[in-house]
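Please look over the structure below.

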Amino acid sequence: MKNATLVAIGLATLTASASMAQAKNLCTLIMDSATSTQLFMQGDCNSRVTPASTFKIALAAIGYDAGILKDAHTPTLAFQPGYADWGGQNWKQPTDPTRWLKYSVVWYSQQITHQLGAAKFASEVKRIDYGNADVSGDPGKDNGLERAWIASSLKISPREQANFLIRLLNSKLPLSKSAMEKTIAIVETQDKKPDGWTIQGKTGMAYPRGADGSFDYARPWGWYVGWGEKDGRRIVLVRLIKDEKREKISAGIRARDSLLQDLPALLKQQSN
């Protein structure tokens with residue numbers, strides 16, 4: 001009966017999510033945060049890829065623990081010429097920790113990593129056991145502080161993402177409880193509440209790179225990682241997709257929207 005339910009859920013996932021368009025669903029994973037029980041799994045959830053901007057959740061926890069970040073709105077940093085600006089006008093505004101996660105501002109991440117310094121950054125990522133914990137950056141480029149988490153050396157699997165979030169939510173990371181609580185507080189809450197679930201999470205998107213370092217703009221990865229709360233219960237959610245052709249809407253946004261669209265059906269069938 002359990003296997004039949006899982007097959008039904010898998011079929012539902014394959015037939016839903018029109019918003020994913022030409023994307024391949026690499027992994028969808030739902031776990032109970034209190035018991036670490038796997039509620040649903042589809043696809044390859046054990047292979048590692050770049051975390052892209054989902055790494056900002058881990059970096060926030062590290063930043064709060066190190067005292068670089070103070071609260072939801074401190075520090076507020078101003079955009080400076082030369083900072084990463086490919087995110088458009090949203091990246092050119094004064095940015096605080098809450099705004100950093102909401103608009104996924106890369107240069108704010110880089111200000112945190114530079115304040116940490118290469119040695120502490122590496123030791124902290126290893127200490128929290130995040131993926132392969134390799135923040136060396138591109139070979140021979142000495143750019144780990146700028147882009148280790150963006151299609152570079154740092155890699156993590158969907159299952160590792162889920163386990164990291166479970167440890168964060170249960171205050172089990174080797175960081176101060178205050179740092180973990182402050183991190184949870186700034187992760188964006190979605191306006192939509194599928195079947196009454198309050199959802200918090202982070203998108204991420206990055207382009208694969210060829211041997212010559214060039215980007216494959218037609219086949220980006222798209223992540224959504226986060227959690228849902230309802231009636232005192234908390235579940236962890238991870239979806240990883242990979243586009244098969246160039247799309248107008250970010251793969252990360254489509255991973256998020258498709259997962260929230262699918263969630264009620266997945267949980268309803270899982271409970272049967």
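In what order do the 5 strands of the open sheet stand? The points below begin with that.

1. This is a predicted model, in which local features need pLDDT of at least 70 and side-chain atom pairs count only at pLDDT 80 or more, while totals for chains, interfaces and linings use all residues. Residues are numbered from 1 along each chain as its sequence is written, and side-chain values use heavy atoms, with hydrogens and water left out.

2. The order is S2-S1-S5-S4-S3, in an open sheet with antiparallel pairing. Strand S2 (38-43) and strand S3 (198-206) are the edge strands, each pairing on one side only. From one strand to the next the twist averages 10 degrees. Strands (E, at least two residues) and helices (H or I, at least four) are DSSP runs, numbered from the N terminus; two strands pair if DSSP finds at least two bridges between them. Axes are lines fitted to C-alpha atoms, for helices over the stretch in contact, and angles run from 0 to 180 degrees between N-to-C directions.

3. Within this sheet, strand S4 (residues 221-230) pairs with strand S5 (residues 233-243) in the antiparallel sense over 10 bridges. Lys 230 stands opposite Arg 233 in S5.

4. A search of the whole structure finds 1 disulfide (a pair of cysteine sulfur atoms within 2.5 Å). Cys 27 is joined to Cys 45, with an S to S distance of 2.0 Å. The torsion about their S-S bond is about 95 degrees, so the disulfide is right-handed. Cys 27 lies in strand S1 (residues 23-32) and Cys 45 in the loop between S2 and helix H2 (55-66), so the pair ties together parts 18 residues apart in sequence.

5. Are these two cysteines buried or exposed? Cys 27 counts as buried at 0% relative accessibility, and Cys 45 counts as buried at 2%. Buried means under 20% relative accessible area, exposed over 50%, and partly exposed in between (1.4 Å probe, protein chains only).

6. The largest pocket has a volume of about 700 Å³. A pocket is an open set of points on a 1 Å grid over the protein atoms alone, where a 1.4 Å probe fits, with protein on both sides within 12 Å along at least five of seven lines; lining residues have an atom within 4 Å of a point.

7. The lining of the largest pocket has 28 residues, with Ser 53, Trp 91, Ser 104, Met 205 and Ser 250 nearest its centre. Helix H3 (97-103), S3 and helix H9 (251-271) each give two or more residues, and S3 supplies the largest share, 6 residues.

How values were computed:
Points joined across faces, edges and corners; volume = space filled by probe spheres on them.
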